[in-house]
Amino acid sequence: LFETKQDLMGAPATMEELYANSWYRSHFQTVGTEYQEVMLGYSDSAKDAGRLSSVWELYKAQEQLVSLSEQHKIPLNLFHGRGGSVGRGGGPQYLAILSQPAGSIRGSLRATIQGEVIENYFGTERACELTFERYTTAILQATLTPPARCEESFREAMQRMSEKGCESYRKMVYETDRFVDYFRAATPEQELKLLNFGSRPSKRKAGGIETLRAIPWMFAWTQCRMHLPVWFGVGSALQQEIDNGNLELLKQMYAKWPFFQSTMELVESVLAKVDIAIAKMYEKNLVPVDLLPIGEQVFAEMQRTIDCIKQITQRDQLLANNPVIKRMYDLRRPMTDPLNVLQAKVLKEMREQENPSAELQEAFAATVQGIASGMGWTG
């Protein structure tokens, strides 16, 4: 299992050492295993390094692991540890499968389906049929007509954006003084601990963002409609390329490279769910005045990301190419907005009380469930 950015970067060397071990090779033959399985973690790599760096390191790791398995003549099965939300590797799977590097899918695919989206994918007979149809079609297409290796200029640009995106993301999330305070004030992260959600503790140990598990990290930002882990750092990375005169190159990457197209469209789909007015309402009611400058930086990056994606996709509106999904979001919004207003009010009252009443906690739990349903996932 390789989860963090450093893990993914070191994956080829780790597997090379394992394959070179004579005991392991003999054990591999003794037990009769038909292939080597390697699990790739999407959640922790995204939380650790930001969206762009995570997906790029995952892409490169798969390329290198496939090449390594071919050199050693050991069949490889990649196990994709995807979460339910886009921030944890989830989202529409058809384009995601087609955007995998050549050779990484050979007639089969193993992936986790998180509990929160099982009902969406398999809750009814028709939903189950459609899910298997999408997976089967994409796997067959990726196996029979794998994507060609992209142009070197595309890879170089992606490497630059990965580094800039990671730098911007980590500067805000891990290095900005009092960002943790802003996060805990602007989202219901602390209050979520009062609810009986999740199969594991929200934290691995006491500490800041680095100790928080990926699900509550994404869950908290989803509740206040900001979805920050998905897009923060993306705008800075794209803007750097645009400022360096590479807008036409980015447009070509979007048009010709399934990996980049998938990455941009998944970020775009989440940005279409972001509600700036709702997020600022949470900030106004819950965030101390001395933390507001952090919020200004967050909202500036959000707008930067939206503007850059519009330039690259050459569309005036987010999801203009997908009216069905856009209409679904538009229909859900007026049903979800009142729950956010209520949640912000309840959170304010809970924070004013040393021991929040059972009534307030029940009201909070109801808003959490309603907002999660409106957004289509928890974390």
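Predicted model: local features only at pLDDT ≥ 70, side-chain atom pairs only at ≥ 80, totals over all residues.
Let's start with charge. The count comes to 22 salt bridges. I'll pick out a few.

Take Arg110 and Glu37. Their side chains meet in a salt bridge, 2.6 Å from N to O. Arg110 sits in strand 3 and Glu37 in strand 1, so the pair ties together parts that are 73 residues apart in sequence. Arg110 is partly exposed, at 39% relative accessibility. Glu37 is partly exposed too, at 29%.

Next, Arg178 and Asp290. Their closest N and O atoms are 2.5 Å apart. Both residues lie in loops: Arg178 between helix 8 and helix 9, Asp290 between helix 16 and helix 17.

Now Asp337 and Arg225. This salt bridge has its closest N and O atoms 3.0 Å apart. Asp337 is in helix 18, while Arg225 is in the loop between helix 11 and helix 12. Is Arg225 buried or exposed? Arg225 is buried, because its relative accessibility is 1% and the cut-off for buried is under 20%.

Some charges form a group. Glu63, Arg149, Glu152 and Arg155 are linked in a network of salt bridges.

Last, the surface. Ile118, Phe122 and Phe132 form a nonpolar patch there. Together they have about 260 Å² of accessible area. Ile118 lies in helix 6 and is partly exposed, at 40%.

Methods. Residues numbered from 1 in each chain as written. Heavy atoms only, no water. Patch = residues over 30% accessible without salt bridge, like charges linked within 9 Å, V, L, I, M, F, W, Y side chains within 5 Å. Areas by Shrake-Rupley, 256 points an atom, 1.4 Å probe, with all protein chains shown as cover. Salt bridge = Lys/Arg side-chain N within 4 Å of Asp/Glu carboxyl O. Helix = DSSP H or I, 4+ residues; strand = E, 2+ residues; numbered from the N terminus. Buried < 20%, exposed > 50% of the residue type's maximum accessible area, 1.4 Å probe, protein only.
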